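Here's a quick briefing to read alongside the sequence and the 3D view. Keep both open and follow along.

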Amino acid sequence: MLTQLIDYTAAEKINLSLPSLRVDNFSESLLEKIKKVRKSGLTFAAEGGTQRLRDVINKNVSEEEIMNTCRIAFEGGYSSVKLYFMMGHPTETDEDIIGIADLAQRIVDLFYSIENRPKGRGVQVSVSCATFVPKPFTPFEFEPQDTREMIEHKQKLLLDSVKTKKIKVSYHDPNVSMLEVILAKGDRRLCPSIYAAWKKGCKFDSWEEHYKFDKWLEAFSDCGIDPSFYANRRFGYDEILPWDHLDYFVSKDFLIRENQKAHRAETTPNCRLKCAGCGVNKAVGRNCF
Ligand code: SF4
């Protein structure tokens, strides 16, 4: 039905925005398919600037895979890549932030080392950094979010660590991420402040021009809520969390184990390689694979 309504002449002019690509299974054949839709650059989700941090977040992607992916893109005619990172992951240090700039620099160097790179064009590596939002139902549900001051320090450090105009850095407003984590991890005591914020005109908050963080802060204050209680506090393993009554088959013990492993920078293999015992198999009464 929808396809009948599309004007194909107009559709050819639409800019397609593909989601970030995995770096561990990118291939020449996938690149050929992507090239069939018009797209000026490719976005890869690297997530962390160092191997240690990628292990903490269980990204299971090596620098070799990231470089190989970029090589395929450059040899396939692309001269710009966008790398997507999160800033503020648990255990993150300044070294991990500098690692983002170093990785981007190595990708710039890689471009110029490739003989059959796109000629007559310079390389552009875009680094996009979002602020990490620890979410319920994940091994990081216990984690505090970085404070605004910590994120601003990291953003400045990243900008200072980039030494070439071929690397462009962009990042999100940490105030948006702070509201996200408060709403994600808040409990029923938060309800009056959400209503109060709405009465103060907080609507369509996802649209930057309508986002009024000061009004949210006013609403929290009016209702006696300390936002940092939800956003910047470590939740205890033995604490009853606001979402603990919801059963989605993954056990809290598993999330605690994974959280502890994350702090040791130990990765967990893909389920298809080895079951980590999250509890889903018990709920469905059979092996998952
Ligand atoms: S294989 Fe199934 S039970 Fe094991 S970790 Fe994966 S989803 Fe959980």
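**Around Ser 79**

Ser 79 sits in the loop that links helix 5 (63-75) to strand 2 (80-87); helices (H or I, at least four residues) and strands (E, at least two) are DSSP runs, numbered from the N terminus. You're looking at a predicted model, where local features need pLDDT of at least 70, side-chain atom pairs count only at pLDDT 80 or more, and totals for chains, interfaces and linings use all residues. Residues are numbered from 1 along each chain as its sequence is written.

- The cut-offs are 20 or more other C-beta atoms within 10 Å for buried, 12 or fewer for exposed, and partly exposed in between, with C-beta atoms placed from the backbone.
- Setting aside neighbours within four places in sequence, Ser 79 is in contact with Phe 74, Pro 118, Arg 121, Val 123 and Gln 124. Contact here means that the C-beta atoms of two residues, placed from the backbone, lie within 7 Å.
- Ser 79 and Lys 119 are 40 residues apart in sequence, and their C-alpha atoms are 9.2 Å apart in space.

**The whole chain**

- The chain has 13 helices and four strands.
- Of its 289 residues, 27% count as buried.
- Take the contacts with a separation of 6 or more: 74% of them join residues 24 or more positions apart.

**The nonpolar core**

- The largest nonpolar core has 42 residues, and those with the most contacts inside it are Val 81, Leu 83, Phe 85, Ile 100, Ala 104, Val 125 and Val 127. A nonpolar core is a set of buried Ala, Val, Leu, Ile, Met, Phe, Trp, Tyr and Cys residues joined through C-beta atoms within 7 Å.
- Helix 6 (residues 94-113) gives the largest share of this core, seven residues.
- This core lies between domain 1 (1-172) and domain 2 (174-237), because both give residues to it. The domain bounds come from an automatic or database domain assignment.
- Not counting residues up to four places away in sequence, Leu 83 touches Phe 44, Ala 46, Ala 104, Val 125 and Val 127.

- Helix 6 has 20 residues and should span 28 Å at 1.5 Å a residue; its end C-alpha atoms are 29 Å apart, which agrees. The expected span is 1.5 Å times one less than the number of residues.
- Buried residues in helix 6 include Ile 97, Ile 100, Ala 104 and Phe 111.
- Helix 12 (residues 252-263) has twelve residues and reaches 17 Å from first C-alpha to last, close to the 16 Å expected.

**Loops to check out**

- Just after helix 12, Ala 265 takes a positive phi of about 55°, although it is not a glycine.
- Phe 137, in the loop between strand 3 (124-131) and helix 7 (148-161), is another non-glycine residue with a positive phi, near 70°.
- Arg 189 is in the loop between helix 8 (174-185) and helix 9 (191-199). The C-alpha atoms of Arg 189 and Ile 225 are separated by 8.0 Å, though the two are 36 residues apart along the chain.

**Around the ligand**

- Which residues are around the ligand? They are Cys 271, Cys 275, Ala 276, Gly 277, Cys 278, Val 280, Asn 281 and Cys 288, where a residue is near if its C-beta atom, placed from the backbone, lies within 6 Å.
- This shell divides into six nonpolar, two polar and no charged residues. Ala, Val, Leu, Ile, Met, Phe, Trp, Tyr, Cys and Pro count as nonpolar, Asp, Glu, Lys and Arg as charged, and the others, Gly among them, as polar.
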